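Have the sequence and the 3D view open while you read.

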Amino acid sequence: MVLALLAHDTPAGDIAMYFGYVALGVVVPGTLIWRACSPVRGGLAVDLSGGTAVGCAAEVLAYIAARAGNEPRWFLAWPLATMITFTVTPRLRRHWRVAPGAWRMPAGPAWSLTGLVAVVVIWAATILYQWHGLRWPGNANPYVDMPFHLSLVGELKHHVPPMVPQVLGEPLSYHWFVYAEMAATSWATGIEPETLLFRLSMLPMGTAFVVLIAALGKRVTGSWW
């Protein structure tokens, strides 16, 4: 994953900053909440994937409130408050560890799932990264929707409630939580929205999605296959 990013001109500092923030600002606090609330004891991979989903949802909600109050970085209080709460509250401390009796994925399904995650990375490297550079002329001919997506990240970075960037005074009645997530990440890390949209943000979301689909299948059928 990191090699694919470096091979397509993603600054090493941005990569380190992004994954450091996602780990401490999204995945860890989200995983603690996931473990406290979920009846599923899915093992480390499932916990981290579920925690990524929960963490992104909490990040977006906190960011909407902070941005609406004109203090966009205040949303960073939520991961800190969450980790402190799970550290100082005795009955919550156990959620820092994998629960006893958690699912153990057999080697065959585990390697198959690893292969599916690799497909996500390969797709990103050969399709998304290859055709969307971060500098001229590589960013001169993006897929037709990408400038629209980028404009919505910029809108959510500066305004809540958001408006349609291309139409003055028109409220944004569109699914926009993913843009709020990237806007929040940009405030937290200083990474440009273009780098988040064209390179970084898709990978943890795509990986978590693949693992959680497998966990859902296990939950419904009782079999990893």
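Predicted model: local features only at pLDDT ≥ 70, side-chain atom pairs only at ≥ 80, totals over all residues.

Residues are numbered from 1 along each chain as its sequence is written, and side-chain values use heavy atoms, with hydrogens and water left out.

**The core**

Let's start inside. A nonpolar core here is a set of buried Ala, Val, Leu, Ile, Met, Phe, Trp, Tyr and Cys residues joined through side-chain atoms within 4.5 Å. Buried means under 20% relative accessible area, exposed means over 50%, and partly exposed is in between (1.4 Å probe, protein chains only). Helices (H or I, at least four residues) and strands (E, at least two) are DSSP runs, numbered from the N terminus.

The largest nonpolar core has 42 residues, and those with the most contacts inside it are Tyr-63, Phe-75, Tyr-129, Leu-156, Trp-176, Tyr-179 and Leu-200. At least two residues of this core come from each of H1, H2, H3 (43–68), H5, H6, H7 and H8. Which helix gives the most to this core? That's H3, with seven residues. There's also a second, separate core of 10 residues, with Val-117, Val-210, Ala-214 and Ala-215 among them.

**Helix H8 and its surroundings**

H8 (residues 193–200) is mostly covered, with seven of its eight residues buried. Those are Pro-193, Thr-195, Leu-196, Leu-197, Phe-198, Arg-199 and Leu-200. What do they pack against? The partners are H1 (2–7), H2 (12–37), H5 (107–131), H6 (146–158), H7 (177–189) and H9 (202–221).

Take Leu-200 as an example: leaving aside neighbours within four places in sequence, it is in contact (heavy atoms within 4.5 Å) with Leu-5, Thr-10, Asp-14, Ile-15, Tyr-18, Ile-191 and Thr-195. Arg-199 turns up in the contacts of His-8, which also touches Ala-125, Tyr-129 and Gln-130, not counting residues up to four places away in sequence. His-8 lies in the loop between H1 and H2 and is buried, with a relative accessible area of 17%.

Met-1 sits in the segment before H1 and is partly exposed at 36% relative accessibility. Met-1, Val-2, Leu-3 and Leu-6 make a nonpolar surface patch of about 370 Å². Patches are made of residues with over 30% relative accessible area and no salt bridge, with like charges joined within 9 Å and nonpolar side chains (Val, Leu, Ile, Met, Phe, Trp, Tyr) within 5 Å. The accessible areas come from the Shrake-Rupley method with a 1.4 Å probe, and for residues only the protein chains shown count as cover.

Over in H2 you'll find Val-28, partly exposed at 25% relative accessibility. Not counting residues up to four places away in sequence, Val-28 touches Ala-23, Met-83 and Trp-96.

Most residues other than glycine have a negative phi, and most peptide bonds are trans. These are worth a click:

| Spot | Backbone value |
|---|---|
| Trp-136 to Pro-137 | cis, omega about 5° |
| Val-160 to Pro-161 | cis, omega near 0° |
| Asp-9 | phi near 65° |
| Asn-70 | phi near 65° |

Pro-137 is in the loop between H5 and H6, while Pro-161 is in the loop between H6 and H7. Asp-9 belongs to the loop between H1 and H2 and is partly exposed at 46%. Asn-70, in the loop between H3 and H4 (77–88), counts as exposed at 55% relative accessibility.

A salt bridge is a side-chain nitrogen of Lys or Arg within 4 Å of a carboxyl oxygen of Asp or Glu. How many does a search of the whole structure find? One: Asp-47 with Arg-35, whose closest N and O atoms are 2.8 Å apart. Asp-47 lies in H3 and Arg-35 in H2, so the pair ties together parts that are 12 residues apart in sequence. Both Asp-47 and Arg-35 are buried.

As for disulfides (a pair of cysteine sulfur atoms within 2.5 Å), the count comes to zero. Cys-37 is exposed at 63% relative accessibility, whereas Cys-56 is buried at 17%.
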